[in-house]
Amino acid sequence: MGLTIAQKIIKDHLVSGEMTAGSEIALKIDQTLTQDATGTMAYLEFETMGVPRVRTELSVAYIDHNTLQSGFENADDHRFIQSMAKKYGLYFSRPGNGICHQVHLERFGKPGKTLIGSDSHTPTGGGIGMLAMGAGGLDVAVAMGGGAYYITMPKMYKVNLTGKLRDFVTAKDVSLEILRILSVKGGVGAIIEWGGEGIKTLSVPERATITNMGTELGATTSIFPSDEITKAFLEAEGRGADYVELSSDEDAVYDKIIDIDLSSLKPMIACPHSPDNVVTVESLKGTKVDQVCIGSCTNSSLLDMLKVAALLKGKTIRPEVSLSISPGSKQVLSMLADCSALSDILASGARVLECACGPCIGMGFSPNSAGVSLRTFNRNFEGRSGTADGQVYLVSPETAVAAALTGEITDPMLLGIMPKVNMPDAFKIDDSAVIAPATIEEAADLPILRGPNIKPFPDSAPQEDVLTAPLVLKVGDNITTDHIMPAGAKILPYRSNIPHLSQYCFGVCDSTFPERAKAAGQSIVVGGNNYGQGSSREHAALVPLYLGVRAVISKSFARIHAANLINAGIMPLTFENPDDYDRVSQGDNLKIEDVYAGMDSGKMVLKDLTNGDEITLSCEFTERQKAILKAGGLLKYVGLGNL
């Protein structure tokens, strides 16, 4: 039986475990990346491990999230990360150099290599044939220290593409179509491989848009073959030597196959407040638009920006619409300036923002009250934009331009003839904003620069055999990490200060949660399906840990968040019968006895001391995960000599 692309890379990097779907496997990691919203905590964790230097082939620390410096906090964190990178052997990408996923694709990613990043959209690297996965900061810290990365061996899905995209129909529309088909939880436990004759019509930036958006399916990662198109991209980046050919075997077996005819697709749009709430653009024609944002790690490549500039050339956006443009990297911005495309964008009335994540994480450019904002981003979770009642839609750059020019949701196919965009044979190479680490000899005497906002990693306690605690919060389905630990310009500067950050935990759901959780001492949270979807931010586990949460019980979990809970020493448990979710109420006093025996058997009994009910819970912990929970979290487990 043949192997898929992902299975081939897994086989080459397998440290332990069997390549059987559902089994735990350990992988050797070649590359890591962090960004500043998650990086500070990851480097504090790495420092605690006592490893003198990173042991990966390449690790890069990017500054792209917290670039709005309205106080000392972000600047201090950047200085801390830069000093850590210099001392411990990481490359440091300075603020303004670009979004981690775009820059990594341009300058560092290699087909066939493994990459984990403390950002859930790390699968962008799958656009050039990497096995690239989002992970919690602790997992990234362990990988930097030379430890393996543990995941459940995924199932294999394949999407066969046929035909060719019509003008004004884009890779973003392909992403929205697969979200419409599978939903935000349809890829959980799977790696999605893209293939078929249609992929030969897609450039690397288009492929990267699709793998980036695969995160919203809940997939472990997404991947394209490494072929002549990949080779041409790497050669244009001056990295032709990094190319290796990668394809699946003809007799590879997949758990699910989905067929999409590119020729039949229409422009699509995801409505508030979920990436899978997808309809055609034409079905919403005439809806008034207040704001348009183009950029983010999903749609900020040179190809995207050149198309936007061509469509805006000689035109002016509607006076009632505010348009922002965020190029994905310094390379993209510089090349736009060199070919006069930037002038065309500015002449239209658009505002050009820094090469950073910006509005995607609520870091500036929030919409007006109840404003309709069309964004080329990957997420439209409630409140994520920074405006609580903002109505955020996800679209392609072409659809975004159409809205900016007309003031309403408009099918971009009505704009007329799509201008021809020619990509250069070679990209402009300038790595001056990437700072190399010190040598081992130089590093010995280098200080680590800490600001007062950087607080220690929250302490955790070993999981005891009996847990008695109140149910302090009960929430519904598809609770995202933005619900648990919001982003935004007011909160993100405190990502290295867990005590301060705790004030905002679950603020979108219940602003009284932090106070009630603290008063309880230790507590339990209950959720519905797909609990913890979205970002890889481990703060959505570390802050509940700080507030005393000892277990989260749900109908199902998102992959990264479940791993982050275990890493923090919090038990993720599921209702054996999902209907039992309705048998518990917020405020009930709950008890779980024989926790250790339950870990071994995979079943625990939840006693509701308030109403007398007994409910069976499921837990499928590996031996390693049991040991982590019993130790009080991954950091303490590693401290026992288990790197």
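Select Asn-160 to start: this residue stands opposite Gly-195 in strand 10, strands being DSSP runs of E with at least two residues, and helices runs of H or I with at least four, both numbered from the N terminus. The model is predicted, so local features need pLDDT of at least 70 and side-chain atom pairs count only at pLDDT 80 or more, while totals for chains, interfaces and linings use all residues. Residues are numbered from 1 along each chain as its sequence is written, and side-chain values use heavy atoms, with hydrogens and water left out.

Next, select residues 155-162 and 190-195, which are strand 9 and strand 10, running parallel and joined by 6 bridges; two strands pair if DSSP finds at least two bridges between them.

Now move to helix 2 (residues 36-49) and helix 3 (residues 72-88), which pack at an angle of about 45° with axes 10 Å apart; axes are lines fitted to C-alpha atoms, for helices over the stretch in contact, and angles run from 0 to 180 degrees between N-to-C directions. That makes helix 2 oblique to helix 3, the class left after roughly parallel (under 35 degrees), roughly antiparallel (over 145) and roughly perpendicular (65 to 115). To display the contact (heavy atoms within 4.5 Å), select residues including Tyr-43, Leu-44 and Phe-46 of helix 2 and Phe-80, Ile-81 and Met-84 of helix 3.
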